[in-house]
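Thank you all for coming; I would like to walk through one model, residue by residue, and say at each step which cut-offs lie behind the words I use. Please have the sequence and the coordinates open as I go.

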Amino acid sequence: NDFAIDAVINYGTNQTRNVKVIFETPSQSVEIYNTSIEADAPRLSCKTSELNGVKTGNTVTAQSVTYKIIQISHDGTGISFLYLK
């Protein structure tokens with residue numbers, strides 16, 4: 001909770017859920033025309049138990065910006081990662 005921020009996940013039909021998340025923007029290498037560039041790859045981590053009903057294609061608002069969830073990954077320890085676009 002020391003590093004967590006508030007976020008709102010929009011899922012289902014007009015349903016929202018307030019969650020505490022860790023927001024990260026690590027970079028990833030992307031190949032374009034035989035040239036490698038670094039691009040931001042925003043993601044959120046949160047408790048898996050807070051993601052019931054949430055799926056790819058839903059949106060999440062964090063730090064006043066709305067993102068689309070493009071992938072959800074569970075680490076098996078009760079933490080999940082939401083990869084955003």
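This is a predicted model: local features need pLDDT of at least 70, side-chain atom pairs count only at pLDDT 80 or more; totals for chains, interfaces and linings use all residues.

Let me begin with asparagine 58, which, leaving aside its neighbours within four places in sequence, is in contact with Asn10, Tyr11, Gly12, Gly53, Tyr67, Lys68 and Ile69, where contact means heavy atoms within 4.5 Å. Residues are numbered from 1 along each chain as its sequence is written, and side-chain values use heavy atoms, with hydrogens and water left out.

Asparagine 58 sits in the loop between strand 5 (43-47) and strand 6 (59-62); strands here are DSSP runs of E with at least two residues, helices are runs of H or I with at least four, and both are numbered from the N terminus. With a relative accessible area of 12%, asparagine 58 is buried, a word that stands for under 20% relative accessible area, whereas exposed stands for over 50% and partly exposed for what lies in between, with a 1.4 Å probe and protein chains only. Its side chain also reaches the backbone nitrogen of lysine 55, at 2.8 Å.

Tyrosine 67, one of the contacts of asparagine 58, brings me to the aromatic rings, where a search of the whole structure finds one pair. Phenylalanine 23 and tyrosine 67 form that pair, which is tilted, with 5.8 Å centre to centre and 40° between the planes. For the cut-offs, rings of Phe, Tyr and Trp (its six-membered ring) pair if their centres lie within 6.5 Å, and planes under 30 degrees apart count as stacked, over 60 as edge-to-face and the rest as tilted. The two residues are 44 apart in the chain, phenylalanine 23 in strand 2 and tyrosine 67 in strand 7 (residues 65-74). Phenylalanine 23 is partly exposed at 21%, while tyrosine 67 is buried at 15%.

How many salt bridges does the structure hold? There are two, a salt bridge being a side-chain nitrogen of Lys or Arg within 4 Å of a carboxyl oxygen of Asp or Glu. One joins lysine 20 and aspartate 6, at 3.0 Å from N to O, and links strand 2 (residues 15-24) with strand 1 (residues 5-11) across 14 residues of sequence. Lysine 20 is partly exposed at 43%, and aspartate 6 is exposed at 54%. In the other, the side chains of arginine 43 and glutamate 24 meet at 3.0 Å, N to O; arginine 43 lies in strand 5 and glutamate 24 in strand 2, so this bridge ties together parts that are 19 residues apart in sequence. Arginine 43 counts as partly exposed at 21%, as does glutamate 24 at 27%.

Finally, a word on backbone angles. Most residues other than glycine have a negative phi. Asparagine 14, however, has a positive phi of about 55°, and asparagine 34 has a positive phi of about 60°. Asparagine 14 is in the loop between strand 1 and strand 2, and asparagine 34 is in the loop between strand 3 (27-32) and strand 4. Asparagine 14 is exposed, at 78% relative accessibility, and asparagine 34 is likewise exposed, at 78%.

Conventions: A polar contact is a pair of N or O atoms within 3.5 Å; within protein, one must be able to donate a hydrogen and the other to accept it, and residues adjacent in sequence count only if both atoms are side-chain atoms.
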